[in-house]
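Student: Can you walk me through this model? I'd like the overall layout and then a few residues.

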Amino acid sequence: MNSNAEIVAALKGKDDKQRAEAIHSAPAIGAPVVPAIAPLLGDANVEVRRAARRALEGTVHHAARTGIGKEAGAVETALIAALGSDSVAVRREVLWLLSEVGGDASVPAVSALLGNPELREDARCVLQRIPGRKSLNALKDALKTVPADFKPNVAESLRKRGEKVSGYPSQRLVPTKKTAVASPQ
């Protein structure tokens, strides 16, 4: 399959062999296939969503392989553009794909989603995974601006990045259910 239209048609089709061929063909096209496939991440048909995800994962992993910086940057740029979708499902999947290939260029777009109640947790986790000072600084800035109920989450991401954070104790060891321990008799 050589074109975006063929890949999209195969991903949406019912023929499993053609769908598999489309999944395997997408990485060779690279960044230009991202805008064509990304909307399928919100398709009503679960098989179409799953196939689109696999095709994009393959494209991201192919672009992010060692020594291919230009290709990774082009895929990153295409994914950032896909964050403009109206679909929360599409944006959530794109965020996680960015966590695999994203760099400094992704940070502003991902940081902007920290204010979105539906996507803020995903955005926080993606910033935690993106290497570099820019993503670390975005998390530090977010700690000052996010709502109080979300500050412990951002503090935890900062801790994972090696920063010392005071004032927001780790929630990892806080019990979620009331427990009672019987005394030994």
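This is a predicted model: local features need pLDDT of at least 70, side-chain atom pairs count only at pLDDT 80 or more; totals for chains, interfaces and linings use all residues.

Student: What share of the residues is buried?

Tutor: Of the 185 residues in the chain, 39% count as buried. The accessible surface comes to about 10300 Å², and carbon and sulfur atoms make up 53% of that. Among contacts with a separation of 6 or more, 54% are between residues 24 or more positions apart.

Student: Let's take α2. How many residues does it have, and what does it span?

Tutor: Helix α2 covers residues 16-29, which is 14 residues. From its first C-alpha to its last it reaches 20 Å, close to the 20 Å expected at 1.5 Å a residue.

Student: What caps its N-terminal end?

Tutor: Asp15 does: one of its side-chain oxygens lies 2.9 Å from the backbone nitrogen of Lys17. Just after α2, Gly30 takes a positive phi of about 80°.

Student: Which residues of α2 are buried, and what covers them?

Tutor: The buried ones are Arg19, Ala22, Ile23, Ser25, Ala26 and Pro27. Their cover includes α1 (4-12), α3 (34-37), α4 (46-64) and α5 (69-82).

Student: Why does Ser25 count as buried?

Tutor: Ser25 counts as buried because its relative accessible area is 13%, and the cut-off for buried is under 20%. Leaving out residues up to four places away in sequence, Ser25 touches Met1 and Ile7.

Student: What about Asp16, buried or exposed?

Tutor: Asp16 also lies in helix α2, but at 56% relative accessibility Asp16 counts as exposed. Its C-alpha is 9.9 Å from that of Glu47, a residue 31 positions apart from Asp16 along the chain.

Student: New topic. How many salt bridges does the structure hold?

Tutor: The structure holds 11 salt bridges. As background, side chains of opposite charge can pair when their charged atoms come close.

Student: Start with Arg53. Which residue does it form a salt bridge with?

Tutor: Arg53 pairs with Glu57, and their closest N and O atoms are 2.7 Å apart. Both lie in helix α4, four residues apart, about one turn of the helix.

Student: What about Arg65 and Glu71?

Tutor: Their side chains meet in a salt bridge, 3.7 Å from N to O. Arg65 is partly exposed at 35% relative accessibility, and Glu71 is partly exposed at 22%.

Student: Which residue does Glu163 pair with?

Tutor: Glu163 forms a salt bridge with Lys140, with the closest N and O atoms 3.4 Å apart. Glu163 lies in the segment after α10 (151-160) and Lys140 in helix α9 (residues 133-145), so the pair ties together parts that are 23 residues apart in sequence. Glu163 is partly exposed at 25%, and Lys140 is partly exposed at 28%.

Student: Last one, Arg91. Where is it, and what is the nearest side chain of opposite charge?

Tutor: Arg91 sits in helix α6 (residues 88-101). The nearest side chain of opposite charge is Glu118, 5.6 Å away. Arg91 is buried yet has no salt bridge.

Student: Why doesn't Glu118 count as a salt bridge partner?

Tutor: Because a salt bridge needs a side-chain nitrogen of Lys or Arg within 4 Å of a carboxyl oxygen of Asp or Glu, and Glu118 is 5.6 Å away from Arg91.

Student: So what does Arg91 touch?

Tutor: Not counting residues up to four places away in sequence, Arg91 touches Ala82, Leu83, Ser85, Leu113, Asn116 and Leu119.

Technical notes. Residues are numbered from 1 along each chain as its sequence is written. Side-chain values use heavy atoms; hydrogens and water are left out. Helices (H or I, at least four residues) and strands (E, at least two) are DSSP runs, numbered from the N terminus. Buried means under 20% relative accessible area, exposed over 50%, partly exposed in between (1.4 Å probe, protein chains only). Lys and Arg count as positive and Asp and Glu as negative; His and the chain ends are not counted. Contact means heavy atoms within 4.5 Å. The expected span of a helix is 1.5 Å times one less than its number of residues. A polar contact is a pair of N or O atoms within 3.5 Å; within protein, one must be able to donate a hydrogen and the other to accept it, and residues adjacent in sequence count only if both atoms are side-chain atoms. Accessible areas come from the Shrake-Rupley method with a 1.4 Å probe; for residues, only the protein chains shown count as cover.
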